[in-house]
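Hi everyone, and thanks for coming.

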Amino acid sequence: MTTGGSTRGSVDGLASSAPLGVMLPAVFADDDLAQRFVGGIDEVLAPLHNVLDCLDAYFTPSLAPADFTRWLGSWVGAETEAPDTAGHADDPVTKAPLTASSTGFPQDTEETAALRAAVTAAVRLHRIRGTRRGLAEAVRLAFGVEPEITESGAAAWDARPLGPVPGEPRPHLHVTVRLPEPGPAAEHRLERLVAAARPAHMPYTVHVTAAERTSDR
């Protein structure tokens, strides 16, 4: 099985859940050559049987192998980006983000845990895509902090007709993220994320600044 450049092959010592030797006619039960021949086939097929036996786990982001989870992210359009590719405009967007949390394997890196969280939330985020809430959650998943969002849109009600129109006539969107270690790469990541998650017609600007440090007492 090949997923995004990662190839799965045989697994040493993995037994087949459906060995062919026991399925042969009785005349081959004690045939050493026949049993060793199908034993070699079992070794090749064992990983396939293992995947099929655990197929539901492969489509659960918190349980799937990391490379398969990345592939799932491309299926559902998860808006993620790897920290080592941030700053390169030619790199794909569907990579692991920098920070987030999710249930997964104990040996997961921070990037893999963030990938699992992004894939898990992807479908829910698509339902609120283009809204302030959807943008805020997408940024929070990617950076692990709550963004500050200012926009021209607004909603209000008035008991009388022809009341004042809320919001501003000129559309604009500004997103600020406060990080412990801001930099050009983080601002580039934020710009790409906002460009993908904003309403399509909305002009936008982004800003990454240093988070306020609190003194320990």
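I'll go from the overall layout to the cores, then to the salt bridges and the surface.

A word on the ground rules. What you see is a predicted model, where local features need pLDDT of at least 70, side-chain atom pairs count only at pLDDT 80 or more, and totals for chains, interfaces and linings use all residues. Residues are numbered from 1 along each chain as its sequence is written, and side-chain values use heavy atoms, with hydrogens and water left out.

Let's start with the layout. The chain has 6 helices and 5 strands; these are DSSP runs, helices being H or I with at least four residues and strands E with at least two, numbered from the N terminus. Read from the N terminus, the order is β-β-α-α-α-α-α-β-β-α-β. Of the 217 residues, 30% count as buried, and here buried means under 20% relative accessible area, exposed over 50%, and partly exposed in between, with a 1.4 Å probe and protein chains only.

Now the inside. In soluble globular proteins, nonpolar side chains tend to be buried together. A nonpolar core here is a set of buried Ala, Val, Leu, Ile, Met, Phe, Trp, Tyr and Cys residues joined through side-chain atoms within 4.5 Å. The largest one has 24 residues, and L135, F143, V175 and L190 touch the most other members. Elements giving two or more residues to this core are α4 (110-127), α5 (132-143), β4 (173-179), α6 (184-197) and β5 (204-210). Which of them gives the most? That's α5, with 7 residues. Apart from this core lies another, of 9 residues, among them Y58, A64, A78 and A122.

Let's look at α6 itself. Its buried residues include A186, L190 and V194, and the buried residues of α6 pack against α5, β4 and β5. Contact, by the way, means heavy atoms within 4.5 Å. Leaving out residues up to four places away in sequence, V175 touches L190 and V194, and its other partners include L135 and I149.

On to charges. A salt bridge is a side-chain nitrogen of Lys or Arg within 4 Å of a carboxyl oxygen of Asp or Glu, and the structure holds 6 of them. R124 and E137 meet in one, at 2.3 Å from N to O. R124 lies in helix α4 and E137 in helix α5, so this pair ties together parts that are 13 residues apart in sequence. Is E137 buried or exposed? E137 counts as buried because its relative accessible area is 12%. E137 also meets R140, at 4.0 Å, and R124, R133, E137 and R140 are linked in a network of salt bridges. Over in helix α1, D32 pairs with R36, their closest N and O atoms being 2.7 Å apart; the two sit 4 residues apart, about one turn of the helix.

F37, I41, V44, L45 and L48 make a nonpolar surface patch of about 460 Å². Such patches are made of residues with over 30% relative accessible area and no salt bridge, with like charges joined within 9 Å and nonpolar side chains (Val, Leu, Ile, Met, Phe, Trp, Tyr) within 5 Å. Areas come from the Shrake-Rupley method with a 1.4 Å probe, and for residues only the protein chains shown count as cover. I41 is found in helix α1 (residues 32-53), and counts as partly exposed because its relative accessibility is 31%.
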